[in-house]
Amino acid sequence: MESAAEYFEKRVPLAWNERLAAQAALGAAGAERLSKMRATELALEVEVGASGRFHLLVERGEMRSAARAHADPIVTLGLSEADCVRLEASVGPSPMALLGGVGGDPNFALTPARVSALREIEGTMRIEVSGAQPWGVVLHFGAPPIPTITTTVSIADAEFAQLLSGALDLQGAFMTGKLQLGGNVEVPMKMAMAIMSPE
């Protein structure tokens, strides 16, 4: 990864918009989902250590980097520069890969119904991936600044990779102890339910 700015201002929006274009390329077969994707509007905030803050805006389904913060972001991500490198190495430039792994759908898309469900969440959680190069990311449902973390979600890197690939489902990971929750379990539970809700 060249820099956090390159990743969040260019690569993440490009990957998001490529998924939108791929859906459009399906023609009539993908029209219903495309309509929902194009109706999706949201803002994201990202705080990366000393690299600064990045603002992402989705309007009519298309993502772009924004010059300033939006008044009502759906989530604020917090991570260090080192964690940013490991995030990209694990999930690539598409945040949908992470959400799709949680939801068990490699073709996962954020739709207005799912965005609405995510907006109902209150709390701040840290996802911790252990292994040779441990990393983590904080998800605060709301605008910055990021408050005290109320929840931790821990998983080993091998199981995290299985989750992303669909080889391991979220419920199976939790029931077998491969995914562990600490603190306010309502936050990750509501996030999982929002992600897995119908489009």
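Me: Which residues does Phe-8 touch, not counting residues up to four places away in sequence?
Reply: Contact here means heavy atoms within 4.5 Å, and by that criterion Phe-8 touches Pro-13, Val-46, Val-48, Phe-54, Leu-56, Leu-79, Cys-84 and Leu-87, leaving out residues up to four places away in sequence. The model is a predicted one, in which local features need pLDDT of at least 70 and side-chain atom pairs count only at pLDDT 80 or more, while totals for chains, interfaces and linings use all residues. Residues are numbered from 1 along each chain as its sequence is written, and side-chain values use heavy atoms, with hydrogens and water left out.

Me: Which residues have the most contacts inside the largest nonpolar core?
Reply: A nonpolar core is a set of buried Ala, Val, Leu, Ile, Met, Phe, Trp, Tyr and Cys residues joined through side-chain atoms within 4.5 Å, where buried means under 20% relative accessible area, exposed over 50%, and partly exposed in between, with a 1.4 Å probe and protein chains only. The largest such core has 47 residues, and Phe-8 and Leu-139 are those with the most contacts inside it.

Me: Which residues of helix 3 are buried?
Reply: In helix 3 (residues 81–91), Asp-83, Cys-84, Leu-87, Glu-88 and Val-91 are buried. They cover an arc of only 140° around the axis, which puts them on the same side of helix 3, the arc being that of the directions from the helix axis to the C-beta atoms. Just after helix 3, Gly-92 takes a positive phi of about 75°.

Me: At what angle do helix 1 and helix 2 pack?
Reply: Helix 1 and helix 2 (residues 31–38) pack at an angle of about 150°, their axes being 9 Å apart, and helix 1 passes helix 2 in a left-handed crossing. Arg-19, Leu-20, Gln-23 and Ala-24 of helix 1 make the contact with Arg-33, Leu-34, Met-37 and Arg-38 of helix 2.

Me: How do the axes of helix 5 and helix 8 cross, and which residues of helix 5 are buried?
Reply: The axes of helix 5 (residues 112–119) and helix 8 (residues 186–196) cross at roughly 170° and come within 8 Å, and that makes helix 5 roughly antiparallel to helix 8. Arg-114, Ala-117 and Leu-118 in helix 5 meet Met-191, Ala-194 and Ile-195 in helix 8. The buried residues of helix 5 are Arg-114, Val-115 and Leu-118; seen down the axis, they fall within an arc of 100°, so they line one face of the helix. These buried residues pack against strand 1 (42–48) and helix 8.

Me: Where is Arg-60 found, and what joins Pro-144 and Pro-145?
Reply: Arg-60 is found in the loop between strand 2 (52–59) and strand 3, where Arg-60 has a positive phi of about 50° although it is not a glycine. With 58% relative accessibility, Arg-60 counts as exposed. Pro-144 and Pro-145 are joined by a cis peptide bond with omega about 5°, and Pro-145 lies in the loop between strand 6 (135–140) and strand 7 (151–156).

Terms used: Helix = DSSP H or I, 4+ residues; strand = E, 2+ residues; numbered from the N terminus. Axes fitted to C-alpha atoms, helices over the stretch in contact; angles between N-to-C directions. Parallel < 35°, antiparallel > 145°, perpendicular 65-115°, else oblique. Left-handed = near helix turned anticlockwise from the far one by under 90°.
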